[in-house]
Amino acid sequence: MQSFPVLRALGWIALLQGVRCLAASEPASPASPVSDPESLPGKKAAAIHCVICHALPNPSDLDRRTWSEELLPKMRYVTGVAAAPTNGYFRDLPRLLAAGFFPKKPLIPPAVFDQIADYYTRAAPERLPSGEPSPIDVGLPLFRPEMAPHRHTPPRTPMVRIDASQGMIMASDAAGQGLEFLDGSGRLLGQLPLGNIAVSLAETEHHWFIGAIGHFFPREEPAGQVIRVHRRAIPLRPEPILSGLPRVSHVAAGDLNGDGRPDLVLCAFGNYLGRLSWLEGLPDGTFTERVILPEPGCLRTEIRDFNGDGRPDLMVLQAQARESLLLFLNDGGGRFRRQLVFQRPPSWGHSGFELADVNRDGLPDVLVTNGDNADFNTSPHKAYHGVRLYLNRGGLRWQEVWSAPMHGAYRAVARDFDGDGDLDIAAVSFFADYDTTPQEGFLYFENTGPGGGRDWNFKPRTLRQGVTGRWISLDAGDLDGDGDDDLVLGSLIEMPTAVPEKLKGLWREKGPSVLILRNQTR
């Protein structure tokens, strides 16, 4: 699968039930703006203390209400300035306490925290600019949209996968907790009950390895699993090979230690508790877990030899306030050395990435989406959310060379869809501005720049059927065997964020669980 980006989007919702009562009992610093926020002592204190855990946020990253009523009250607990409440504000509080999640002593002196809170509250804008959306052409003859006949009411499809060798679509059904197999026209062929919600699928010669999230909405209860299915067995039988995991977002397969057996890389996103691990494949078919990073928020992994030493390395995108792209260089013997590619402020909301050689120089470039927008009850749309391209400059360095604003960007893939020799981009949004620009739910960026990577010009287009679902999953592949790449989108409509009732009703009653965009190039 593509990564399962909903994880970060849902990662903090469980905290929000008590936010407003907390804000009332522990009011933040005065919310009156100042003409010269640079003069506030909290600015310098933030540069010292806030960077301990994440990149330094700018007050303009969020509006004043969000800072004062939602984020800063929560940070009092996370930094140990105030003791964690027992009123249900933190779901699964006993697990967090048992894990030692909350500091025993304040990480920031309370008086200094108050200065920081005062700075962010008073320097923040009253409203966030939503940004000027790029002109989007409606009409995309390159693709013929087909609503899959098989659907659920309401649609709940957190994962889609094209199996080009079989001309088949694999789709996760979150309600039935199984894997469904559809033919190339979207008709149901069969179902595989899993007893868990599939969000990721890694493929080896003989097996599928399915990452199952456990709890769709944020919980600390370790109900995630890695499930193995022998692809050629009749009947197919799911076999859990690792259970009791934090919420799983992604599983990747590769031989990491050169012993000829497939190993796995596990992104156990979790919520406040999680980890990144590699699972060593043993001769008897079992796996031993070895933790690489004991932190939550890892969304997706790509396995590739990035430094050319003959050993497969890992590229990992981490969210949950870290908002970092990381390299773990394989030093052999099961040891990995961590290197930061880039880090962004917590509100960036990274949601997924993939590798693609966009400038055809033989080096893997990185296509990234950042658009998670469900951290708070009323998260404003953010102009800095979108799709970004980072070119590989060699020496394990990547440089951002292109970005396109896209509210709620969640997943993007790069392929030569129109057969003209360069890579185009298809992207979906799970948090589009459904009131003003619902067409952002699906965008196709046609590469119109000259060859050789000198200019990066991508023209956004969409189609009318792009508003028929709330797209959370996306995959590209040659579904019908005609030599060009088609697209498959999965819809999941049940989220607490605001959507016009008319549109929500359309999704519920008529919207597809799976939308096929059949490429007409050939």
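Predicted model: local features only at pLDDT ≥ 70, side-chain atom pairs only at ≥ 80, totals over all residues.

How much space lies in the largest pocket?

Reply: The largest pocket holds about 960 Å³ of space.

The lining of the largest pocket counts 48 residues. Nearest the centre are Cys-53, His-54, Met-75, Val-78 and Ala-321. By class, the lining has 28 nonpolar, 11 polar and 9 charged residues.

Helix H4 (64–78), helix H6 and strand E18 (335–343) each supply at least two residues of the lining. H4 gives the most, with 6 residues.

H4 and H6 also meet each other. Two packed helices are described by the angle between their axes and the distance between the axes. For H4 and H6, the axes come within 9 Å and cross at roughly 160°. An angle over 145° counts as roughly antiparallel, so H4 is roughly antiparallel to H6. Their crossing is right-handed. On the H4 side, the contact is made by Arg-64, Trp-67, Ser-68, Leu-72, Met-75 and Arg-76. H6 answers with Phe-113, Asp-114, Ala-117, Tyr-120, Thr-121 and Arg-122. These contact residues divide into 6 nonpolar, 2 polar and 4 charged. Note Met-75: this residue of H4 touches H6, and Met-75 is also among the residues nearest the centre of the pocket.

H6 has another partner. Helix H3 (residues 41–49) packs against H6 (residues 110–123) at an angle of about 110°, with the axes 7 Å apart. Angles of 65 to 115° count as roughly perpendicular, so that is how H3 and H6 lie to each other. H3 passes H6 in a left-handed crossing. From H3, the contact takes in Pro-41, Gly-42, Lys-43, Ala-45, Ala-46 and His-49. From H6 come Val-112, Gln-115, Ile-116, Tyr-119 and Tyr-120. By class, this contact has 7 nonpolar, 3 polar and 1 charged residues.

One residue links the two contacts. Tyr-120 of H6 takes part in the contact with H3, and Tyr-120 is also in the contact with H4.

H6 runs roughly antiparallel to H4, whereas H3 is roughly perpendicular to H6.

Definitions and conventions
Residues numbered from 1 in each chain as written. Heavy atoms only, no water. Axes fitted to C-alpha atoms, helices over the stretch in contact; angles between N-to-C directions. Helix = DSSP H or I, 4+ residues; strand = E, 2+ residues; numbered from the N terminus. Parallel < 35°, antiparallel > 145°, perpendicular 65-115°, else oblique. Left-handed = near helix turned anticlockwise from the far one by under 90°. Contact = heavy atoms within 4.5 Å. Nonpolar A, V, L, I, M, F, W, Y, C, P; charged D, E, K, R; others polar. 1 Å grid on protein atoms, 1.4 Å probe; cavity = no way out; pocket = protein on both sides within 12 Å on 5 of 7 lines; lining within 4 Å. Points joined across faces, edges and corners; volume = space filled by probe spheres on them.
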